[in-house]
Amino acid sequence: MRHDWSVEEVEGLLAQPLLKLVADAAAVHRASFPDGDIQLASLMSIKTGGCPEDCSYCPQSAHFSGTGVAKEDLLSVETVLEAARAAKAAGASRFCMGAAWRSAPKGSPRAEEQFNRVCQMVEGVRGLGMEACATLGMITPQQAQQLKTAGLTAYNHNLDTGADYYEDIISTRQYADRLNTIENVRNAGITVCCGGIIGMGEETVHRAQLLATLANMTPQPESVPINALVAVEGTPLADMPPVDPLELVRMCAAARIMMPYARVRLSAGRLRLSREAQTLCFLAGANSIFYGEKLLTTGNNELALDQALLRDIGAGDVRVLAAA
Ligand code: SAM
Ligand code: DTB
Ligand code: SF4
């Protein structure tokens, strides 16, 4: 495992002939994940819309009107646990909870109640025997510790793109803010889930910067979500052309080669991929998906179709899928 990737080197990796890139990635994948299982992670928006950040890709930002996403309150613990039980019954092993916050609530009695409620959700999900992940925006070292105490398995905080393209996408926070929260998560002993998005108009060099930043972290993130932009009407990126699925294959392959032991998650944008394109991503080293018919506010692949695909390629826990 290396932590000294240069951006030029990663650009070279991404530009390799596709079949060589995929073959190299598949070899790394087989060596570090001999079982070849695919993790099923279920995602739920526990607090939707009205976010003060201006991330250009996001339908939940309060800066963009007309995305069709209304601001809602934090859900109740019971509503979330009901969804977690259903996700478990369908075969998911990880339950991820997302909130449209700039930072996790703190500093007032109402904020404390909300944060404690999230901790109760985490405890409840762990009580079901599932892994629990949360993505709540920026968190302090103390909040990270509280989440750890509640049993949180992983915290998701994406870098989204390369440092040089970041300010083209988000103006309300800086790359350094992201890195700071990731450090707080790491120091609390929670595993790090950190990845990005392609298809936002970035160049290959920005993708290479993102991958180099992730792989050069010590330790590397335990999960790396690779998202393809879901272009939502009303957001500044609404008119971006869809990414070529083969670009996603390249990102998965490079992530796998650079981060041999990470769960590389084929994340948003999977709805647009054929079964064959998804299979190529799995061959290239992706070994986790968001499983469930909704991401946060947009749609995701049908459960029955995912179950059929996993059966047909012989991945996933067939007994769990058969029972679902
Ligand atoms: N507000 C928190 C934050 O930004 O960290 C947590 C929720 S936020 C929706 C989680 C991640 O979802 C973002 O960092 C981004 O990578 C991804 N995301 C959001 N909207 C997306 C879109 N339209 N297409 C692809 N990925 C998206
Ligand atoms: C991640 O990397 N992708 C997920 C999860 N982590 C939180 C979110 C995707 C959101 C897609 C747009 C939506 O449904 O709102
Ligand atoms: Fe808010 Fe997260 Fe959406 Fe950015 S990505 S606007 S921080 S919910």
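Me: How do the residues of the shell around ligand 2 divide into nonpolar, polar and charged?
Reply: In this predicted model, the shell around ligand 2 holds 6 nonpolar residues, 6 polar ones and no charged ones. Here Ala, Val, Leu, Ile, Met, Phe, Trp, Tyr, Cys and Pro count as nonpolar, Asp, Glu, Lys and Arg as charged, and the others, Gly among them, as polar.

Me: OK, which residues are around ligand 2?
Reply: Going by a heavy atom within 4 Å, they include Leu-43, Pro-59, Thr-135, Asn-156, Asn-158, Pro-225 and Asn-227, and then Phe-290 together with the residues Leu-295, Leu-296, Thr-297 and Thr-298.

Me: Which polar side-chain atom lies 2.7 Å from an oxygen atom of ligand 2?
Reply: That atom belongs to Thr-297, and the pair is a polar contact, meaning N or O atoms within 3.5 Å. The side chain of Asn-158 also has a polar atom, 2.8 Å from an oxygen atom of ligand 2, and an N or O atom in the side chain of Asn-227 is likewise 2.8 Å from an oxygen atom of the ligand.

Me: And how much of ligand 2 does the protein bury?
Reply: On its own ligand 2 exposes 400 Å², of which the protein buries 87%, with areas taken from the Shrake-Rupley method and a 1.4 Å probe.

Me: Now ligand 1. Which residues come nearest?
Reply: There are 16 residues around ligand 1, and Tyr-57, Asn-158, Asp-160, Arg-178 and Val-230 come nearest. By class, its shell has 9 nonpolar, 5 polar and 2 charged residues.

Me: What's around ligand 3?
Reply: Around ligand 3 are Cys-51, Glu-53, Cys-55, Tyr-57, Cys-58, Ser-61, Ala-100 and Arg-173, which by class gives 5 nonpolar, 1 polar and 2 charged residues.

Me: Where does ligand 3 sit?
Reply: Ligand 3 sits in the largest cavity, and that space is also taken by ligand 1 and by ligand 2. Sitting there requires more than half of a molecule's atoms within 2 Å of the cavity's grid points, where a cavity is a set of points on a 1 Å grid over the protein atoms alone that a 1.4 Å probe fits but cannot leave.

Me: How many cavities does the search find?
Reply: The whole structure gives 1 cavity of 30 Å³ or more, and the largest cavity holds about 860 Å³ of space, counted as the volume filled by probe spheres set on the points.

Me: What lines it?
Reply: The lining (an atom within 4 Å of a point) has 42 residues, with Tyr-57, Cys-58, Gln-60, Asn-158 and Leu-296 nearest the centre of the largest cavity. They divide into 25 nonpolar, 11 polar and 6 charged, and β2 gives the largest share, 4 residues, where strands are DSSP runs of E of at least two residues and helices runs of H or I of at least four.

Me: Switching topic, which peptide bond is cis?
Reply: The bond from Thr-218 to Pro-219 is cis, with omega near -5°, and Pro-219 is found in the loop between α8 (204-215) and β7.

Definitions and conventions: Residues are numbered from 1 along each chain as its sequence is written. Chains are lettered from A and ligands numbered from 1 in the order in which they are written. This is a predicted model: local features need pLDDT of at least 70, side-chain atom pairs count only at pLDDT 80 or more; totals for chains, interfaces and linings use all residues. Side-chain values use heavy atoms; hydrogens and water are left out. A polar contact is a pair of N or O atoms within 3.5 Å; within protein, one must be able to donate a hydrogen and the other to accept it, and residues adjacent in sequence count only if both atoms are side-chain atoms. On a 1 Å grid over the protein atoms alone, a cavity is a set of points where a 1.4 Å probe fits but cannot get out, and a pocket is an open set with protein on both sides within 12 Å along at least five of seven lines; lining residues have an atom within 4 Å of a point.
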